[in-house]
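Opening the notebook on this one. I'll jot down what I looked up, one topic at a time.

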Amino acid sequence: MSILYRIINKIEYLLYDFQGFILQKRFKKCGNIKFFGKCNIKNPENIIVGDNVTFNDGAYLNGLGGIEIGNSVSISALSIIVSTGLDVDNFLTTKKHINKKIKIGNNVQIGAGAIVLAGITIGNNVVIGAGSVVTKDVQSNSVVAGNPAKIIRGIP
């Protein structure tokens, strides 16, 4: 049974590599990426991805408003990055959505289940805690966590 499990596991990871290969061609621009599970990526033609970027199981990205991801970024399991959202100023009359670009710097770790909303800029050297909801820009060299995400401490 152990050998069968290892074979199935190897095939599964080959499929993730194939998913990455296909998406590299569909992204607006893409460096070296790696998938560690099945991800759901909408509007990849509006997403720019740097080098050494990893996507973990269940990550969801919607690039309708544009997403720029820097180098050495890890997007953990079940993270959500959505560059479109409801226009709350006109909610009662139109229920219209607005698209705003998300920018993620270099050396960023987005924790499991974290949510990054439209229009957010995340600086370099940032850790987003698991389950956090990022509703405001995050400055470089910081650790944020919570709902809404707040600075917990700096990174020297």
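**Pocket**

I started with the largest pocket and asked which element gives the most to its lining. That is β10, with three residues. Strands here are DSSP runs (E, at least two residues; helices are H or I, at least four), numbered from the N terminus. This is a predicted model, where local features need pLDDT of at least 70, side-chain atom pairs count only at pLDDT 80 or more, and totals for chains, interfaces and linings use all residues. Residues are numbered from 1 along each chain as its sequence is written, and side-chain values use heavy atoms, with hydrogens and water left out.

The volume of the largest pocket comes out at about 190 Å³. Of its 13 lining residues, Gly85, Leu86, Ile98, Leu117 and Ala118 are the closest to the centre. Points are joined across faces, edges and corners, and the volume is the space filled by probe spheres set on them.

By class, the lining of the largest pocket has seven nonpolar, three polar and three charged residues. The classes are Ala, Val, Leu, Ile, Met, Phe, Trp, Tyr, Cys and Pro as nonpolar, Asp, Glu, Lys and Arg as charged, and the others, Gly among them, as polar.

**Ser83**

Next I looked at Ser83, in the loop between β9 (80-82) and β10 (84-86). Buried or exposed? Ser83 counts as buried because its relative accessibility is 0%. The cut-offs are under 20% relative accessible area for buried, over 50% for exposed and partly exposed in between (1.4 Å probe, protein chains only).

Which backbone nitrogen does the Ser83 side chain reach at 2.8 Å? It is that of Gly65, and the Ser83 side chain also reaches the backbone nitrogen of Gly66, at 3.4 Å. I list these as polar contacts (N or O pairs within 3.5 Å; within protein, one atom must be able to donate a hydrogen and the other to accept it, and sequence-adjacent residues count only if both atoms are side-chain atoms).

Leaving out residues up to four places away in sequence, Ser83 touches residues including Asn62, Leu64, Ile67, Ile98, Lys100 and Ala118. Contact means heavy atoms within 4.5 Å.

**Salt bridge**

How many salt bridges does a search of the whole structure find? I got one. It joins the side chains of Glu68 and Lys101 at 2.9 Å, N to O. The pair ties together distant parts of the chain, 33 residues apart: Glu68 sits in strand β7 (residues 67-69) and Lys101 in the loop between β11 (97-99) and β12 (102-104). My criterion was a side-chain nitrogen of Lys or Arg within 4 Å of a carboxyl oxygen of Asp or Glu.

Glu68 is partly exposed at 27% relative accessibility, and Lys101 is partly exposed at 38%.

**Ser142**

Ser142 belongs to strand β18. With a relative accessible area of 1%, Ser142 is buried. Its side chain reaches the backbone oxygen of Gln139 at 2.7 Å. Beyond four places in sequence, Ser142 is in contact with Asn125, Val126, Val127, Ile151, Arg153, Gly154 and Ile155.

**Two loop positions**

Lys136 is in the loop between β17 (133-134) and β18 (142-145), and at 65% relative accessibility Lys136 counts as exposed. I also looked at Gly113, in the loop between β13 (108-110) and β14 (115-116). Gly113 is partly exposed, at 30%, and touches Ala77, Leu78, Ser79, Gly131 and Ser132, again not counting residues up to four places away in sequence.

Most residues other than glycine have a negative phi, and most peptide bonds are trans, so I checked for exceptions. Asn52 is not a glycine, yet has a positive phi of about 55°; it lies in the loop between β4 (47-49) and β5 (53-56). Asn107, also not a glycine, has a positive phi of about 60° and is placed in the loop between β12 and β13. The peptide bond from Asn147 to Pro148 is cis, with omega near 0°, and Pro148 is in the loop between β18 and β19 (150-154).

How values were computed:
On a 1 Å grid over the protein atoms alone, a cavity is a set of points where a 1.4 Å probe fits but cannot get out, and a pocket is an open set with protein on both sides within 12 Å along at least five of seven lines; lining residues have an atom within 4 Å of a point.
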